[in-house]
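Please look at the sequence and the structure shown below.

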Amino acid sequence: SGGTIVTLTEKVTSDKVNLLVQKNLYSAAISMAFADPAYKPSDITALYRRHAEHLYRKGDFSGSMDQFIYTIGSLEPSHVIFRYLDATKIPLLAK
């Protein structure tokens with residue numbers, strides 16, 4: 001009497017990934033994208049780029065470079081090189 005029924009529906013992977021990215025949980029977002037075979041490789045690469053940009057803005061230049069490495073072949077090298085031309089960051093380009 002007077003009861004309610006609750007229906008739960010799972011969000012699609014892209015919605016879950018977007019939510020994780022909004023919370024800056026890039027590693028979890030990338031793992032979730034990899035777990036879904038329907039997720040396009042180009043979209044996963046875009047996640048790596050966003051993660052790299054996020055780390056760079058935070059000042060984690062080494063971590064950022066680690067993420068940029070995953071974008072090789074899909075991101076113009078000049079984009080990364082330009083960011084690391086500062087003398088203190090040049091050694092990171094050798095990664």
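**Briefing on the predicted model**

Val-21 is buried because its relative accessibility is 4%, where buried means under 20% relative accessible area, exposed means over 50%, and partly exposed lies in between (1.4 Å probe, protein chains only). This is a predicted model, in which local features need pLDDT of at least 70 and side-chain atom pairs count only at pLDDT 80 or more, while totals for chains, interfaces and linings use all residues. Residues are numbered from 1 along each chain as its sequence is written, and side-chain values use heavy atoms, with hydrogens and water left out.

- Val-21 lies in helix α1; helices (H or I, at least four residues) and strands (E, at least two) are DSSP runs, numbered from the N terminus.
- Not counting residues up to four places away in sequence, Val-21 touches Tyr-26, Ala-29, Leu-47 and Arg-50, where contact means heavy atoms within 4.5 Å.
- Val-21 and Arg-50 are separated by 29 residues in sequence, and their C-alpha atoms are 8.6 Å apart in space.
- Ser-14 is also a residue of helix α1, which covers residues 13–22.
- Ser-14 has a relative accessible area of 33% and is therefore partly exposed.
- From Ser-14 to Met-32 there are 18 residues in sequence and 9.2 Å in space, C-alpha to C-alpha.
- Asn-24 is in the loop between α1 and α2, and its relative accessibility of 40% makes Asn-24 partly exposed.
- The phi angle of Asn-24 is near 60°, a positive value in a residue other than glycine.
- For background, most residues other than glycine have a negative phi.

**Salt bridges**

- The count comes to 3 salt bridges, each being a side-chain nitrogen of Lys or Arg within 4 Å of a carboxyl oxygen of Asp or Glu.
- Lys-16 is paired in a salt bridge with Glu-10, and their closest N and O atoms are 2.5 Å apart.
- Lys-16 is partly exposed, because its relative accessibility is 23%, whereas Glu-10 is exposed at 65% relative accessibility.
- Arg-49 and Glu-53 form a salt bridge through their side chains, at 3.7 Å from N to O.
- Both Arg-49 and Glu-53 belong to helix α3 (residues 41–58), where they are 4 residues apart, about one turn of the helix.
- As a general point, an α-helix has 3.6 residues a turn, so residues three or four places apart point the same way.
- Arg-49 is partly exposed, with a relative accessible area of 34%.
- Glu-53 also forms a salt bridge with Arg-83, whose closest N and O atoms are 2.6 Å apart.
- This pair links distant parts of the chain, since Glu-53 is in helix α3 and Arg-83 is in helix α5, 30 residues apart.
- Glu-53 has a relative accessible area of 9% and is therefore buried, whereas Arg-83, at 25%, is partly exposed.
- Together, Arg-49, Glu-53 and Arg-83 are linked in a network of salt bridges.

**Helix α4**

- Among the residues of α4, Gly-63, Ser-64, Met-65, Gln-67 and Phe-68 are buried.
- The buried residues of α4 pack against α2 (26–35), α3 and α5.
- Gln-67 has its place in helix α4 (residues 61–69), and Gln-67 counts as buried because its relative accessibility is 13%.
- With neighbours within four places in sequence left aside, Gln-67 is in contact with Ile-30, Tyr-48, His-51, Ala-52 and Leu-55.

**The largest pocket**

- The largest pocket has a volume of about 180 Å³; on a 1 Å grid over the protein atoms alone, a pocket is an open set of points where a 1.4 Å probe fits, with protein on both sides within 12 Å along at least five of seven lines.
- The elements that give two or more residues to the lining of the largest pocket are α4 and α5.
- Lining residues have an atom within 4 Å of a point, and for the largest pocket they include Met-65, Phe-68, Ile-69, Val-80, Ile-81 and Leu-93.
- Ile-81 is found in helix α5 (residues 77–83), and Ile-81 is partly exposed because its relative accessible area is 40%.

Conventions: Points joined across faces, edges and corners; volume = space filled by probe spheres on them.
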